[in-house]
Amino acid sequence: MLKKFLSVRAILTIGLICSLIFALYSIYCKVEYWGLSFNPSQKTNIWTIEAHVSFMPTGEPIKVSIAQPTVSEDFKILDENIVAKKYQIKKDLKNNRIILTTKQAEDMQHLYYQLLLFDNEQAKGKIKAPAPAKPKKPVLDEQSLFNLQQLITLSKTMPGDVPQKIIRYINQETPDASVVALLPLKKSPQEMLDVMQNALSLEGIPNRRARGIKLAEDKKSFTPDYMLEAYTEGQWKLYDINNGKKGKPENFVLYQRGGISLVDVEGGEDSSVQFSVMKSITSTAKLASKRAALAQQQESFDNSVFNLPVLEQNTIKWLTIFPLAILVIVLLRNVVGVQTMGTFTPMLLSMALVKTGFIPGLICFTIIVSLGLLIRALMSKFNLLLVPRISAVVIFVILIMQALTLLGFRFSLDIALSAVFFPIIIMAWIIERASITWEEDGAKNACREIINSLVVAVITYFIISSEFIRHVMYVFNELNLVILFIVMLLGTYTGYRLTELKRFAPVLKDIEDVDRH
Amino acid sequence: MLTAIKEYLSRPRRLHEVGILGMNCRNYAVIAHYNQRRLYPLVDDKVQTKLLANKIGITTPKLIGVIAHQYEVKNFLQVVKDYSEFVIKPAHGSGGKGVMIIKNYTDKVFTTPSGKELTFNDIYQHISNILSGLYSLGGQYDVAVVEELVHFSNIFEKYSYQGIPDVRVIVYRGYPAMAMTRLSTAESGGRANLHQGAIGVGLDIKTGNSLRAVQHNKPVLIHPDTKEDLLSIKVPLWREHLEIAAKAYEMTGLGYLGADIVLDRDKGPMMLELNARPGLAIQIANGRGLAAAIANIEKNYPKNLSWQERVDFVLNAH
């Protein structure tokens, strides 16, 4: 019925396209939201930032408010942790602050706020901010206003855009009069920012100050750096106040924006905040769960293979490579036209090669098959029945494997130790088939059959032993579905096999010669 | 170099143009389309084929006996006690595998066509191998068929080095489409397999006269062992050959089949076996493409004819 409307090939093509769309969407989600990648050895940096707040209580009830970092798109919060005994913790989501309260205390207070961040390589600088309101003119006395205006005019000679001009002018090695008039010689970052912000506001450029942390390995006891942010070209841009460098420095976490303090302490004095940073590295795949949770996809993640215990994951890792190996076999047999012993024998051989290693595997295979053929040739004199005979060959193969392993261990030959990984039954069948072919069609044909199978196995081996391909086939296992449809579509392939192009070449020439005359 | 690559890349198109049938196309577009799976046992089992053939009036080599169980093997001498020559073959064999020809059997010595002398022990071993499925298609248990040896017509004798030359006719929807005969050589060890060095001779489907001969894909003019002119072959009783082939379609219902026919000097053409997946080497022997022949039948030949009418049509086609 269905055949009337759609040919088999059309149905399969639709299936292939659907599975391809599904796979692409699924891969997109896995890359975008779960952070998985095509690179098998991709690592993600995890940064632990610790803010250590300490102060001396004054005896009144204590209220500490800590700024939570403004999470920019290039870093994501993996985990937060607050170490503060006897404190009540509240989150002020509106102002992005954490409020810790407790009754009065006596001893020196130490509060720790820990933050785990990871690089979000996928999203760097993608979000545009809406245009903020024009800044108000700064309220300044006449003299200061004059100095500021002069600074702005003079700074026009400096390179870069307006904020850069101002920053660079202020940071000249020998500051000129207008700078000296506004800033002391030994200027603090806050003082510099005051002048810069006033100048920008005077120019009508929205601006704000920002504080952030440069992530570097094992940085201890430091205070966050000040940065200037100005709204130009439709985006908030960060400027280094010491050299005017535009843009966010690498590995820089914006901790807080605007002029709000990092930590406010009520009921305490001599408060100090010190930060430390630690770097750790983890494989990207391990982070997938956290990322999925962040992207509200925890449920679909829980249903994926990544949620399985490691042992099962390893089994599945092994399984997901099979379809690709099968595809290779199908291509080699039906499109190239290689004749092998049994359909999947080469595939099983290649699987064994993966476990043994290439060269040791080939040597071992050769030893087992040649010894097996020798024994089988001797045995053919006994005229045994088929099933007992093949069984005897199986046992011989097992004995050869044992002997090789023992010899390998005794003489520390790693090559021989790999013998045990070969599928016993497959080896026995190869020996049996080869020996029958040997008797019936001669040694040449028997060797050709074995070599054909081995060549196919080696080709398959090189494909499935690639770390990259194995990683991709496992992490993006929906590709298995695509392969399924490709294999089925190949089932409708009616073109010539590559070997047929050679096989029929003489007859083609003859026919064309006859036609010509 | 560049022209060689160009030539290679153009081959699929040119092969298609001259109508050469490829393996994939044969399997997908022809066999899967015209040969229903349930009909395969009719031709895969030589015992069944023989019984069916006899029912429809096709002569086959006479059945001497069937050995179906291991315990029967020891009674083999009883089965062949009245015969001095016979053939043992697996009922589910393919490609001539497991076929043992005994040319002379006297005093418990079995002589093969090549003169090798075998003992009962060798025969016992061979039949056991057949029963355990060594030569059968899927490796399943099989039965051994013992049948009379064909006395092949001495017309062929000079053209073949040992072995029985048979005529293979490809039948498409009941119409004989292409034919060839395979001649064994010393190189092929008396076997009729082309890839082992046997000669394939393409036969004109209308006359049974040889069109050309190939060995190892290359045209040859004389038999390397007997030195006979290969282009002088004229298969006698050609119409009878075609009748057997055409009838095989009614007998099996297979739209694409290969009929292997031998010419017995006393009993005329006999059907040896049928094949539901005949190979493609026949195109090389004929120097013609099967796809072209099939397309011609599909396009120009009438449907719903009886086997006589179909043979007439083929013989009179131009």
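Analyst: B:Ile88 stands opposite B:Met100 in S3(B). This is a predicted model. Strand S2 (residues 86–90) of chain B is mostly covered. Four of its five residues are buried.

Further along chain B comes an open sheet. Seven strands build it, in the order S12-S11-S10-S9-S8-S13-S14. The pairing is antiparallel. Its edges are strand S12 (218–220) and strand S14 (268–275) of chain B, each of which pairs on one side only. From one strand to the next, the twist averages 30°.

Take S9(B) within this sheet. Nine of the nine residues of S9(B) are buried, so the strand is largely enclosed by the rest of the structure. On one side, S9(B) pairs with S8(B) in the antiparallel sense, over seven bridges. B:Asp166 stands opposite B:Arg182 in S9(B). S8(B) and S9(B) form a hairpin, with two residues between them. In the turn, B:Arg173 has a positive phi of about 50°.

S9(B) also pairs with S10(B). This pairing is antiparallel too, and has five bridges. B:Leu183 has B:Ile199 in S10(B) as its bridge partner. The run continues from strand S10 (residues 199–203) of chain B to strand S11 (residues 210–215) of chain B, antiparallel over five bridges. There, B:Gly200 stands opposite B:Val214 in S11(B).

A helix covers part of this sheet. Helix H10 (residues 290–300) of chain B lies across strand S8 (166–172) and strand S9 (175–183) of chain B. It runs at about 155° to S9(B).

Now the chain as a whole. Chain B has eleven helices and 14 strands. Of its 318 residues, 44% are buried. Among its contacts with a separation of 6 or more, 61% are between residues 24 or more positions apart.

Next, the partner chain. Chain A has 20 helices and 13 strands. Buried residues make up 30% of its 517 residues. Counting contacts in chain A between residues at least 6 apart in sequence, 76% join residues at least 24 apart.

The two chains touch. Chain A brings 24 residues to the contact and chain B brings 28 residues. On the side of chain A, helix H13 (386–410), helix H15 (424–441), helix H19 (498–503) and helix H20 (505–516) each supply at least two residues. H20(A) gives the most, with eight residues. By class, the side of chain A that touches chain B has 14 nonpolar, five polar and five charged residues.

Two packed helices are described by the angle between their axes and the distance between the axes. Helix H10 (residues 322–336) of chain A packs with helix H11 (residues 345–356) of chain A at an angle of about 135°, their axes 10 Å apart. H10(A) and H11(A) are therefore oblique to each other. Their crossing is right-handed. A:Ala325, A:Ile326 and A:Ile329 in H10(A) meet A:Pro346, A:Met347 and A:Ser350 in H11(A). By class, this contact has five nonpolar, one polar and no charged residues.

The other partner is helix H18 (residues 479–490) of chain A. H10(A) and H18(A) pack at an angle of about 20°, with their axes 10 Å apart. That makes H10(A) roughly parallel to H18(A). The crossing of this pair is left-handed. From H10(A), the contact includes A:Pro323, A:Leu324, A:Ile326, A:Leu327, A:Val330 and A:Asn334. They meet A:Asn480, A:Ile483, A:Leu484, A:Ile486, A:Val487 and A:Leu490 in H18(A). By class, the contact of H10(A) with H18(A) has ten nonpolar, two polar and no charged residues.

Key:
Residues are numbered from 1 along each chain as its sequence is written. Chains are lettered from A and ligands numbered from 1 in the order in which they are written. This is a predicted model: local features need pLDDT of at least 70, side-chain atom pairs count only at pLDDT 80 or more; totals for chains, interfaces and linings use all residues. Axes are lines fitted to C-alpha atoms, for helices over the stretch in contact, and angles run from 0 to 180 degrees between N-to-C directions. Angles under 35 degrees count as roughly parallel, over 145 as roughly antiparallel, 65 to 115 as roughly perpendicular and the rest as oblique. A crossing is left-handed if the near helix is turned anticlockwise from the far one by less than a right angle, and right-handed if clockwise. Two residues are in contact if their C-beta atoms, placed from the backbone, lie within 7 Å. Ala, Val, Leu, Ile, Met, Phe, Trp, Tyr, Cys and Pro count as nonpolar, Asp, Glu, Lys and Arg as charged, and the others, Gly among them, as polar. Two strands pair if DSSP finds at least two bridges between them. A residue is buried if 20 or more other C-beta atoms lie within 10 Å of its own, exposed if 12 or fewer, and partly exposed in between; C-beta atoms are placed from the backbone.
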